[in-house]
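Subject: Structure for your review

Dear colleague,

Please find below the structure I promised to hand over, with its sequence. My notes on what was found in it follow directly after.

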Amino acid sequence: MATSSTEISQPHQILIVNEEACREVIGRAEAFRAVESVFASMARGSAYNFPVVREAIGHADALYGFKSGFDQAGLVLGVKSGGYWPGNAAKGLTNHQSTIILFDPDTGRLKALVGGNYLTAVRTAASSAVSIAHLARKDAKILGMVGAGFQSTFQLRAALEQRNFKKVVAWNAHPEHLNRLATVCQETDIPFEVVSQQTLGAQSDVIITITSAFEPLLQADWIKPGTHLACMGTDTQGKQEVDQQLLAKARVFTDEVAQSISIGEAQHAVTQKLLSAEQITPIGGVINGTHPGRCSEQEITLFDGTGVGLQDLAVASAAASLADTHGLAQQVTL
Ligand code: NAD
C-alpha cells in the first residue's frame with residue numbers, strides 16, 4: 001500500500017513561541033480579552049474542555065498532566081501539558097512548568113509550540129480579574145490577598161485594574177513572601193498592610209485566594225456582606241482555601257461546573273450537600289447576559305476559578321498569532 005509517500009512530501013511550517021515572546025505580546029489586556037471571550041464561548045456551548053489528566057509520575061515528586069479542549073467558534077484546538085516539579089525552585093526554575101501545543105483543527109497537523117509558564121500566570125490572573133469585573137461591587141475599595149506565591153503578583157496586578165481600590169491587605173502562611181505583594185503596591189502607589197485572616201475578612205470588599213492550602217484559611221463568618229471572592233488556588237481533589245459553609249452562604253460562579261464540583265473549591269460543599277451543581281453558575285452566562293450575576297449589594301459572590309484548558313489555548317493562540325505578526329516566533333519546517 002503506497003499511501004505515505006504523498007504525505008511525506010508535504011512539509012509544513014510550525015511556529016515556536018518562547019516564554020520571552022509570550023511576555024512581549026500578551027499583556028494583561030490581551031489575556032483578559034482572550035479569557036473573557038472563551039468563558040463566553042463555553043457558556044454558549046461553542047467551546048468545550050476535555051477531561052483533565054493529572055498523575056503523580058513517581059519521579060522528582062512531580063505531578064504531570066494535560067488539559068485540552070476545542071473552541072469551535074475560534075477554531076482553536078490543542079493541549080497544555082506540564083505540571084508541578086517541587087524541586088525546581090532549588091535549581092532556579094519555576095516549579096510549575098508547561099507547554100501549549102496547538103493543532104490545525106481542519107487537518108490535525110501541528111501548528112505551534114508555545115511556552116506555557118508565563119501564559120498560565122497571566123491567564124489565571126485574567127480569570128479572577130474577569131470575575132471581579134463582572135461580580136464585584138462597583139464601589140469596592142479594599143482588596144484582600146491570601147497567598148504570596150508565584151501567581152500572587154500576577155493576580156494582584158490584574159485585580160488592581162478592575163476597581164478603584166484604595167488599599168491592599170494581605171495574609172500568607174509564609175509571611176516572609178509578602179514583600180512580593182508590598183513591592184507591587186509600592187510600584188502602583190497603593191497602601192499595603194499585612195493583617196490577620198480575620199481582619200482581612202472584616203475589611204476586604206474583594207478577596208483573592210491563591211494558595212496550595214488543604215484546609216480552610218478563611219471562615220464563613222469572617223467575610224462581610226457584599227464581598228466578592230475569587231478562589232483561585234484549589235485545582236486538585238483535596239485542596240481547600242475557604243470554609244465550605246461560605247459556599248452555602250454565597251452565590252457561586254465558576255469557569256466550569258464539572259471542574260468546580262470535582263477539583264475546585266466547591267468540591268467540599270457539594271460532597272457535604274451544602275451546595276448542588278445546579279446552584280453553580282458558569283461565569284460565561286454572566287458575560288453573555290443570560291445570568292444577572294450579583295443580585296444585591298449585600299450578597300456575597302464567590303468565583304471558583306479552577307483553571308480550564310481552553311483558557312490556555314485562548315491565550316496561546318493569541319500569542320502565536322501576535323508573535324508571528326511581529327516576527328517574534330521561530331518558524332520551523334516539519
Ligand atoms: P507557589 O508554590 O509559588 O505558592 C504557594 C502559595 O501557597 C504560597 O503563598 C504559600 O505560602 C501558600 N501555601 C502553601 N502551602 C500552604 C498551606 N498548607 N496552607 C496555606 N498556604 C499554603 O504556587 P503558585 O504558583 O503561586 O500557585 C498557587 C496555587 O494556585 C497552587 O496551588 C496552584 O496549583 C494553583 N493554581 C491554580 C490555577 C488556576 O487556574 N486555578 C493556575 C495556576 C496555579
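Please bear in mind that the model is a predicted one. Val 53 belongs to strand S3, which covers residues 53–56. Together with Ile 57, Tyr 64 and Phe 66, Val 53 makes a nonpolar surface patch of about 300 Å².

Tyr 64, another member of that patch, lies in strand S4 (residues 63–71). Its relative accessibility is 31%, so Tyr 64 also counts as partly exposed. Leaving aside neighbours within four places in sequence, Tyr 64 is in contact with Val 53, Arg 54, Glu 55 and Ile 57, and likewise with Ser 81, Gly 82, Gly 83 and Trp 85. Tyr 64 and Gln 240 stand 176 residues apart in sequence, and their C-alpha atoms are 20 Å apart in space.

Turning to the overall division, the protein is split into domain 1 (12–119 + 310–333) and domain 2 (134–307). The centres of the two domains, taken over C-alpha atoms, are separated by 25 Å. To the contact between them, domain 1 gives 16 residues and domain 2 gives 20 residues.

At least three residues of the core come from each of domain 1 and domain 2.

What surrounds Val 114, apart from its neighbours within four places in sequence? The residues in contact with Val 114 are Val 17, Cys 22, Thr 99, Ile 100, Leu 102, Leu 119, Ala 316, Ala 319 and Ala 320.

Helix H5 (residues 152–160) is mostly covered, with 8 of its 9 residues buried. The buried residues are Ser 152, Thr 153, Phe 154, Gln 155, Leu 156, Ala 158, Ala 159 and Leu 160. Among the helices that cover the buried residues of H5 are H3 (28–44), H4 and H6 (179–187). The strands that take part in this cover include S8 (142–146), S9 (167–171) and S11 (206–209).

Finally, two backbone points may be of interest. Most residues other than glycine have a negative phi. Leu 75, however, has a positive phi of about 50° although it is not a glycine. Leu 75 is found in the loop between S4 and strand S5 (76–84), and with a relative accessible area of 44% it is partly exposed. Lys 273 is likewise a residue other than glycine with a positive phi, here near 60°. Lys 273 sits in the loop between helix H10 (267–271) and strand S16 (280–282). Its relative accessibility is 75%, and since this is over 50%, Lys 273 counts as exposed.

With kind regards

Notes:
Residues numbered from 1 in each chain as written. Predicted model: local features only at pLDDT ≥ 70, side-chain atom pairs only at ≥ 80, totals over all residues. Heavy atoms only, no water. Domains from an automatic or database assignment. Contact = heavy atoms within 4.5 Å. Patch = residues over 30% accessible without salt bridge, like charges linked within 9 Å, V, L, I, M, F, W, Y side chains within 5 Å. Areas by Shrake-Rupley, 256 points an atom, 1.4 Å probe, with all protein chains shown as cover. Salt bridge = Lys/Arg side-chain N within 4 Å of Asp/Glu carboxyl O. Helix = DSSP H or I, 4+ residues; strand = E, 2+ residues; numbered from the N terminus. Buried < 20%, exposed > 50% of the residue type's maximum accessible area, 1.4 Å probe, protein only.
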